[in-house]
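Dear colleague,

Here is the structure I promised to hand over. Please open it beside this email and read my notes below with it in view.

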Amino acid sequence: MLVLALDTATPTLVAGLARRSPEGAVEVLAERAVPSGNRHAELLTIAVAEVLAEAGTTVAALDAVVTGLGPGPFTGLRVGVVTAAALADARGVPALGVCSLDAVGSGARTVVTDARRKEVYWAAYGADGVRTGGPGVARPEELTAEGPVVGDPRFAERLGVEVAPAEVTTAGLLRAAAAQLADPSSAGPLVPLYLRRPDAVPPTSFKPVTTT
């Protein structure tokens, strides 16, 4: 099974191509992790084209598309989800969504990523890698992180614990989607995990327009 994996939940977008065996073994064929800031829409398609070219294949060969659903900022998540849905629809293959935090690190851990507004997105996992808490959003000072903490090391001081650097990976996305890849009929709709309302809001009042 040839799988395209995408994630736009963090300032580093990820596009990767991997082959998954019937037994669940994953071989990453090509991957791009691109510091993108707010340029996901501009850079994601380029990254996808690059990993396909590096692997010597095309969209026509894909068997599934996996995308991170966040949590993350509204605009970035929308780019990744829409791209995944469009590619899967064009190819007629499943589009599978996973929590992006599930694709960061492995085993027992607490994952933290930048949520802006001086907050972090977080999730906790047991020794078997199954999520036991979250995803949520909180101020680092108010979060009790259990076990090793991985993710964005910039929050170590405010969390009061060491944070091992870790990011979303192609292998992590396929690991998080393992059950859905084994049985695509179990996949639900691609619903982004925003966790809070977008910064942009519609105006509550309108200035009258007058003509003379």
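A pocket is an open set of points on a 1 Å grid over the protein atoms alone, where a 1.4 Å probe fits, with protein on both sides within 12 Å along at least five of seven lines, and its lining residues have an atom within 4 Å of a point. The model is predicted, so local features need pLDDT of at least 70 and side-chain atom pairs count only at pLDDT 80 or more, while totals for chains, interfaces and linings use all residues. Residues are numbered from 1 along each chain as its sequence is written, and side-chain values use heavy atoms, without hydrogens and water.

The lining of this pocket has 15 residues, with T10, P11, D152, A166 and E167 nearest the centre. Both β2 (12–20) and β6 supply at least two residues of this lining; strands are DSSP runs (E, at least two residues), numbered from the N terminus.

In β6 (residues 109–116), six of the eight residues are buried, meaning under 20% relative accessible area with a 1.4 Å probe, protein chains only. Strands pair if DSSP finds at least two bridges between them: β6 runs antiparallel to β7 (residues 119–125) with seven bridges, and V112 stands opposite W122 there. With β9 (residues 149–151), β6 pairs in the parallel sense over three bridges, and V111 stands opposite V150.

Best wishes

Terms used. Buried means under 20% relative accessible area, exposed over 50%, partly exposed in between (1.4 Å probe, protein chains only). Helices (H or I, at least four residues) and strands (E, at least two) are DSSP runs, numbered from the N terminus.
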